[in-house]
Amino acid sequence: MAEPTSTLALVLADLAAEGEELDARVATLPAAGWAKPTPAAGWSIAHQIAHLNWTDRLALLAIEQPDRLAEAMRRASADPARFVDDAAATGAALPPDELLAGWRAGRAELAERLAAVQPGRKLAWFGPPMSAASMATARLMETWAHGLDVAEALGEPPRPTNRLQHVARLAVRTRDFAFRLHGLEVPAGEFRIELTTPDGSRWQYGPADAGQSVTGPAFDFCLLAVQRRHRRDVALVAHGPQAEIWLEIIQAFAGPPGAGRAASR
């Protein structure tokens, strides 16, 4: 009998698929297309891919050279926004074919290295240390989030897939992080999360008898968690005051509180 596929292997497979989908969006762009602005202020498509390449390579440092990652984290702490923007600008200045080749090589190497991480090892990052599976999940979340910006810049509607289960689960796991990030008291109990999935089924998290809950489309929940939509632009319903606060501050990614996107209405 074949052994069950590990959680890490499943996440890595979905991470590869997410990268390939974004790769297909940009692979045939003319050079001028890489300069097209995206919804992230001041960032072109080239900035988005450069950021993903840069963060993939920081994740490689977490595995292979944690001392160098620690130094990068110290530099980032002085001015996180500038640290990220400067790195994106540096990468975006490369010729598009060089940038694309670098991103492809970096994400392939990262997948190989993550697959070989010893079970139980925790990798340092800009938030709490994480397992290889959690790191792969975080990379998938970022790839999807920045891929949304690229798709919007190109006028191509995003296609929700069941890979969003990783983003949704990460958003649920980082609930307490979001409250602490904003200097708020962490809720004492779990919330119930019930999401309608892209294929019509349901994803459920937390106890069924929880005092507070969130319900709505999984796609909307994930859009809000990566701050690609404003709270007023998603069809999510919060039951309970702390659940409502959470939807105002939810953040599935590490780093300081994000500014989010303006409401469309």
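Student: Where is Ala40 found?

Tutor: The model before us is a predicted one. In it, Ala40 belongs to the loop between H1 and H2.

Student: Is Ala40 buried or exposed?

Tutor: The general idea is to compare the relative accessible area with a cut-off: under 20% counts as buried. Ala40 has a relative accessible area of 16%, so it is buried.

Student: Which residues is Ala40 in contact with, apart from its neighbours within four places in sequence?

Tutor: Ala40 is in contact with Gln48, Asp149 and Arg261. Sequence separation and spatial separation should be read side by side. Ala40 and Arg261 are 221 residues apart along the chain, and their C-alpha atoms are separated by 8.6 Å.

Student: Which residues of H3 are buried, and why do they line one face of the helix?

Tutor: The general idea comes first: an α-helix has 3.6 residues a turn, so residues three or four places apart point the same way. In H3 the buried residues are Leu69, Ala72 and Ala76. Seen down the axis of H3, these buried residues fall within an arc of 60 degrees, so they line one face. The face turned away from the buried side carries the exposed residues Asp67, Arg74, Ser77 and Ala78. The cover over the buried residues of H3 includes helix H2 (45-64) and helix H4 (80-92).

Student: What covers the buried residues of H1?

Tutor: The cover includes H2, helix H5 (96-115), H6 and H7. The buried residues of H1 include Leu8, Val11, Leu12 and Leu15, and also Glu18, Glu21, Asp23 and Arg25.

Student: Which elements do the buried residues of H10 pack against?

Tutor: In helix H10, residues 241-249, the buried residues are Ala243, Trp246, Leu247 and Ile249. They pack against H7, helix H8 (175-181), strand S1 (192-196), strand S3 (213-217), helix H9 (218-225) and strand S4 (237-239).

Student: How should I read a backbone angle, and what is the phi of Gln227 near?

Tutor: Most residues other than glycine have a negative phi. The phi of Gln227 is near 60 degrees, a positive value in a residue other than glycine. Gln227 lies in the loop between H9 and S4, and it is buried, with a relative accessible area of 12%.

Student: How many cavities of 30 Å³ or more are there, and which residues line the largest cavity?

Tutor: There are two such cavities. The largest holds about 110 Å³ of space, and its lining includes Glu18, Glu21, Arg25, Trp144 and Arg159. Helix H1 (7-26) and helix H6 (132-153) are the elements that give two or more residues to this lining. H6 contributes the largest share, five residues.

Student: What volume has the second largest cavity?

Tutor: Its volume is about 30 Å³. Glu18, Glu21, Trp144 and Arg159 are among the residues that line the second largest cavity.

Student: Which residues lie nearest the centre of the largest pocket?

Tutor: They are Glu142, Phe253, Ala254, Gly255 and Pro256, among 48 lining residues. About 1,400 Å³ of space lies in this pocket. H6 gives the most to the lining, with eight residues. The lining of the largest pocket divides into 28 nonpolar, 12 polar and eight charged residues.

Definitions and conventions
Residues are numbered from 1 along each chain as its sequence is written. This is a predicted model: local features need pLDDT of at least 70, side-chain atom pairs count only at pLDDT 80 or more; totals for chains, interfaces and linings use all residues. Side-chain values use heavy atoms; hydrogens and water are left out. Buried means under 20% relative accessible area, exposed over 50%, partly exposed in between (1.4 Å probe, protein chains only). Helices (H or I, at least four residues) and strands (E, at least two) are DSSP runs, numbered from the N terminus. The arc is that of the directions from the helix axis to the C-beta atoms. Contact means heavy atoms within 4.5 Å. On a 1 Å grid over the protein atoms alone, a cavity is a set of points where a 1.4 Å probe fits but cannot get out, and a pocket is an open set with protein on both sides within 12 Å along at least five of seven lines; lining residues have an atom within 4 Å of a point. Grid points are joined across faces, edges and corners, and a volume is the space filled by probe spheres set on the points. Ala, Val, Leu, Ile, Met, Phe, Trp, Tyr, Cys and Pro count as nonpolar, Asp, Glu, Lys and Arg as charged, and the others, Gly among them, as polar.
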